[in-house]
Amino acid sequence: MLLLRSPFSGSNVLDQLFDEITGGVQLPYWRDADHNSFNFSDTIGEVVNDDSKFSVQLDVSHFKPEDLKIQLDGRELKIEGTQETKTEHGYSKRSFSKMILLPEDADLTALKSAISNEGKLQIEAPKKANTSRSIPINFVAKH
């Protein structure tokens, strides 16, 4: 759940006014969000690239899940969001596109994604098992 907070922190009168306007209501991230505003960061959120997994997190809270698309082409992961709004006053279209090159040791067949109630899109791939090993050298005596 998205908790609305007053942009006027520290001002009791303005905090009370903000609470009156919002009714102290907690809104789910995309159902009641104002999709006419657009606040998508140009940066990718948390990135984890360790021995066990590669994962990225993006804030897509201004897009409905059906407005998002994820495609994998080789090791290139493309994340897109498109939003169209038609009103009696006009038409607007907003979109973003992110391309991420996945590491060579990421298991692309096990790539998965999930979206949280807060609008955080998590994309994750486990790392492939390390297949390197030492090869013993045998000594062969000639007869």
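Which residue in β6 is the bridge partner of Lys 69? The views below take up this pairing and others in a predicted model.

View 1. Strand β5 covers residues 68-73 and strand β6 covers residues 76-87. The two strands are antiparallel and pair over six bridges. The partner of Lys 69 is Glu 80 in β6. Two residues lie between the strands of this hairpin. Gly 74, in the turn, has a positive phi of about 65°.

**View 2. The β3-β4 hairpin.** Strand β3 (residues 47-49) and strand β4 (residues 53-59) run antiparallel and are joined by three bridges. Val 48 has Ser 55 in β4 as its bridge partner. Three residues separate β3 from β4 in this hairpin.

**View 3. The pairing of β4 with β9.** Strand β4 is also joined to strand β9, which spans residues 120-126. Seven bridges connect β4 and β9, and the strands run antiparallel. Opposite Val 56 stands Ile 123 in β9. In a regular strand, side chains alternate between the two faces of the sheet.

**View 4. The chain as a setting for the close-ups.** Along the sequence, their pattern is β-α-β-β-β-β-β-β-β-β. The chain holds 143 residues, and 24% of them count as buried. Among contacts with a separation of 6 or more, 50% come from residues 24 or more positions apart. The accessible surface of the chain is about 10600 Å², and carbon and sulfur atoms account for 49% of this surface.

Key:
Residues numbered from 1 in each chain as written. Predicted model: local features only at pLDDT ≥ 70, side-chain atom pairs only at ≥ 80, totals over all residues. Heavy atoms only, no water. Pairing = 2+ DSSP bridges. Helix = DSSP H or I, 4+ residues; strand = E, 2+ residues; numbered from the N terminus. Buried < 20%, exposed > 50% of the residue type's maximum accessible area, 1.4 Å probe, protein only. Contact = heavy atoms within 4.5 Å. Areas by Shrake-Rupley, 256 points an atom, 1.4 Å probe, with all protein chains shown as cover.
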